[in-house]
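Keep the sequence and the model open side by side.

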Amino acid sequence: MTRQRIEIKKIANTAARQVTFSKRRRGLFKKAHELSTLCDAEIALIVFSATGKLFKYSSTSMRQVIERHRLQSERIDGLEGAPSVELQLESATHSVLSKEIAEKTQELRQLRGEDLHGLNLDQLKQLEKLVQGGLSQITETKDERFLKEISTLEKKGAELKEENLILKQQVENLPLVVKGQPSEPFPHLHKSGDPPPPPQGYNTSDISLTLGLPFPS
């Protein structure tokens, strides 16, 4: 037969409630003693009955366990209220960075000639040196850029001159072509043994008539 499960709720009958309290209290203290013995745990139990009677159990000293509990609670509460180490480091880093940004911003404004009223004579002289040094570096960088551009332009000019020379040589080597005549390299030359061609505009019929030769058909 299975054991009936007891519903956990307040027992209405006073006598039955008192009997249950005594049994459960002895069982609780027994379990606490077993836990302390088996696991070497430091345990303290304080129980007040419905009538206000005190019952307690301690594996060592009740006062010692209570004091240890108090100190532990204060330490935990202090850790919970204090910021973590990571948060403190982050806050300190943020503060340092904010200060550096403010200083650099102020220095930049002064280099632009702003907010100079609070500087003394030595600070103004130091600022003047910084500005002069910056202008010198700007001038040097500008001169370097100019020389680089001039060198690039000279190089491009030499390349264009060389290309023009090549094109001129190619044009000079092209064959001469006379309009209305065959495109021979040298049209004024004729083969050896052949009579020279008549000059342009010459009529061969005039020669035939003069010599009394029959006119060629």
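R68 counts as exposed, at 54% relative accessibility. Here exposed means over 50% relative accessible area, buried means under 20%, and partly exposed lies in between (1.4 Å probe, protein chains only). The areas come from the Shrake-Rupley method, and for residues only the protein chains shown count as cover. This is a predicted model, in which local features need pLDDT of at least 70, side-chain atom pairs count only at pLDDT 80 or more, and totals for chains, interfaces and linings use all residues. Residues are numbered from 1 along each chain as its sequence is written, and side-chain values use heavy atoms, with hydrogens and water left out.

What does R68 form a salt bridge with? Its partner is E42, and the closest N and O atoms are 2.4 Å apart. A salt bridge here is a side-chain nitrogen of Lys or Arg within 4 Å of a carboxyl oxygen of Asp or Glu. The R68 and E42 pair links distant parts of the chain, 26 residues apart. R68 sits in helix α2 (residues 62-81), while E42 sits in the loop between α1 (14-39) and β1 (44-48). E42 is partly exposed, with a relative accessible area of 29%.

Side chains of opposite charge can pair when their charged atoms come close. A search of the whole structure finds three salt bridges. Two further pairs involve R70. R70 bridges to E67, with the closest N and O atoms 2.2 Å apart. R70 also meets E74 in a salt bridge, at 2.8 Å from N to O. Together, E67, R70 and E74 are linked in a network of salt bridges.

R70 and E67 are three residues apart in α2, so about one helical turn separates them. R70 and E74 are four residues apart in α2, about one turn of the helix. R70 is partly exposed at 38% relative accessible area. E67 is partly exposed at 35%, and E74 is partly exposed at 46%.

Now step back to the whole chain. It has five helices and two strands. Their order along the sequence is α-β-β-α-α-α-α. Helices (H or I, at least four residues) and strands (E, at least two) are DSSP runs, numbered from the N terminus. Of the 217 residues in the chain, 9% are buried. The accessible surface of the chain is about 20200 Å², and carbon and sulfur atoms hold 58% of it. Take contacts (heavy atoms within 4.5 Å). Among those between residues at least 6 apart in sequence, 14% join residues at least 24 apart.

Last, the pockets. On a 1 Å grid over the protein atoms alone, a pocket is an open set of points where a 1.4 Å probe fits, with protein on both sides within 12 Å along at least five of seven lines; lining residues have an atom within 4 Å of a point. The largest pocket holds about 680 Å³ of space. It is lined by 19 residues, with K9, I11, T20, F21 and R24 nearest its centre. The lining of the largest pocket has five nonpolar, six polar and eight charged residues.

The second largest pocket holds about 170 Å³. Its lining residues include E103, Q110, L119 and L130. Helices α3 (85-111) and α4 (121-172) each give two or more residues to that lining.

Definitions and conventions:
Areas by Shrake-Rupley, 256 points an atom, 1.4 Å probe, with all protein chains shown as cover. Points joined across faces, edges and corners; volume = space filled by probe spheres on them. Nonpolar A, V, L, I, M, F, W, Y, C, P; charged D, E, K, R; others polar.
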